[in-house]
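Have the sequence and the 3D view at hand as you read.

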Amino acid sequence: MRETVLEILTGIRGDVDFENETKLIDDNILASLDIVAIVGEFNDEFDVEISVEDLVPENFNSVDAMVELITRAQE
Amino acid sequence: MAFTSLYFLIFAIICVALYYFVPQNWRWVVLLAASYAFYLLSSPKTFVFILLTTAVTYLGGRYIGSCNAQHTAYIDAHKAELSREEKKEIKASSQKKKRKMVALILVLDFGILAVLKYFRYYLQAAGLFDTGELLIPLGISFYTFQSAAYIFDLYRNKIEPDTNVAKFALFTAFFPQIVQGPISRYDQLAHQLYEGHSFQFRNLTHGAQLMLWGFFKKLVIADRIDILCDQVFDNYTDYTGGAVFVALLFYTIQIYADFSGGIDIARGIAQCMGIEMTHNFRRPYFSHDLSEFWNRWHISLSHWCRDYIFYPVAMSKFFGKAGKSLRNVFGDRIGKLFPVIIAQYCTFITIGLWHGAAFKYVAYGLYNGTVIVLGLLFEPLLRGILEKLHINASSRAWKGFQIVRTFFIVVCGRAFPRAASFGVAVTMFFSMFRLNHGVPFLETVMNLGLTPLDFLIIGGCCIIWLLISIYEERDARINGGDGSKAFREMMDRLPLPARWAILLAGFGLVLMLGIYGPGYDAAAFIYRGF
């Protein structure tokens, strides 16, 4: 799953080093437009329903946090 | 009681002294007493409205909190026997119950705001309601939006409800933020207000430095520029060409100096008591595009709109479905962008209306929304042109161009909120492109109410401001974070005499060069009116 998530992320923002960044939101690297695009792709790819309530910095600061969010949404 | 008055300074000093004088457990009581005293001294006739919003939000919040607790308890108790679908159903029914309460609170809170701020003249004209004697309550937009954020966060189960009405009253009315924000979030501010902070010399010095910086921007820069802006905007038919652009450019500097200066004073007072209020600015004029600008300008409002308007609209099932059906007609890209475009317009119309009911504010929102939407729509085209022209999008020259381009877009947009009406803004915009016949440009500018010395002071102070901003921006790029403390931390590392020399120089500049106006009454903060 991590590989697919990375692929989606680099498809949306090719200029970001997703492998090493751990403060994607806190350091203002990802903007709200990116988040909406990412969530749309996650929902389609992993058949989950990530809702507005899930849109908190902790869930999007790093790739691992996003993988965790998808895993939770699948449960 | 204006932030820039001597009374306010005395008030703030007494408040900070009392805060540290009483036992730690009771320090929040000092803050509540000071906040209500400040409100009663500043806007006594409208005090009842903040009480009303506080009571409605507090009680509604308790109800939503109890719904959350019931739901969590039930799910925990029956976790093993419930399927995923059943859990979803239970959640949906709990949310339905909460939604009714959220709607009721929002109607009441925003209803007060709408009647007193937006519809007062219409209601009075229709003879339905006499608002003649009634002033707009101090900080009504700020505390209403802050209360709404509290309710939305409770609805989303992000926070626990406040169980002490007096403490919640402090969260709503905390005096440094009531004049012009920032719009704080409950989970970021409330606990800081409630827990008593022990005295730390560093908090006091950093807070005082921030206040001094705020006074510098407000009194030396903003209030000096005010003279020029008033001259052009009040007599707009007399000016064309470069003079209009100069007025817009100076207003762009003035509004930033005025608003960020006020926020620095507010954050500085709070910091003196160990309270870290949320940021409202992150060097907005260094933005590469307008989206980034709104992520750096009036951050607490734009993030409010992002979390409670943009995300819910952009991610709503309704607009998602509409976007999917549009894919067949306009292609995949436009279909995907559709919900985002609708969300952008909803966000910017709200930001426009937040400033007031006049159409010029709606136009200001539409202008910003349209520029961003056009940027989204033409992004592939722009990328193609750059490739064809062999322009490296990550080069410093291109990034510099982007900053200048964004600044120019912002400068032009400032005509809407500042001009007397939408019509005046449009007239001024077009008159920028008409030549100023007869009088040379420099002569016109030199006759806009400012002396050559004033221009020199504004230029010099803006250079100091720019250098500090570059230092902070560089720090943010290298070390992460927002860089807002970088300069003060650098000052901490200086030898004591150098530190004091900078502080005294700053104090002297504010005292000698500040515009104090007749009777030493500084011009009112622009955002106080919103």
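Predicted model: local features only at pLDDT ≥ 70, side-chain atom pairs only at ≥ 80, totals over all residues.

Residues are numbered from 1 along each chain as its sequence is written, while chains are lettered from A and ligands numbered from 1 in the order in which they are written.

**Chain A as a whole**

- Chain A has four helices and zero strands, where helices (H or I, at least four residues) and strands (E, at least two) are DSSP runs numbered from the N terminus.
- Along the sequence, the pattern of chain A reads α-α-α-α.
- The radius of gyration of chain A, 11 Å, agrees with the value near 11 Å for a compact globule of 75 residues; it is taken over C-alpha atoms, and the globule rule is 2.2 Å times the number of residues to the power 0.38.
- Along the principal axes, the C-alpha atoms of chain A fill a box of roughly 30 × 25 × 20 Å.
- Of the 75 residues in chain A, 27% count as buried, meaning that 20 or more other C-beta atoms, placed from the backbone, lie within 10 Å of a residue's own.

**Helices H1 and H4 of chain A**

- Helix H1 (residues 2-12) of chain A packs against helix H4 (residues 63-74) of chain A at an angle of about 115°, with the axes 10 Å apart; axes are lines fitted to C-alpha atoms over the stretch in contact, and angles run from 0 to 180 degrees between N-to-C directions.
- On the H1(A) side, A:Arg2, A:Val5, A:Leu6 and A:Leu9 meet A:Val63, A:Met66 and A:Val67 of H4(A), a contact being two C-beta atoms, placed from the backbone, within 7 Å.

**Where the chains touch**

- The contact takes 12 residues from chain B and 12 residues from chain A.
- On the chain B side, helix H13 (299-314) and helix H15 (332-355) are the elements that give two or more residues.
- H13(B) supplies the largest share of that side, five residues.

**Helix H6 of chain B**

- The end C-alpha atoms of helix H6 (residues 140-155) of chain B are 22 Å apart, in agreement with the 22 Å that its 16 residues should span at 1.5 Å a residue; the expected span is 1.5 Å times one less than the number of residues.
- H6(B) is mostly covered, with 15 of its 16 residues buried.
- Just after H6(B), B:Asn157 has a positive phi of about 60°.

Notes. Buried ≥ 20, exposed ≤ 12 C-beta atoms within 10 Å, placed from the backbone.
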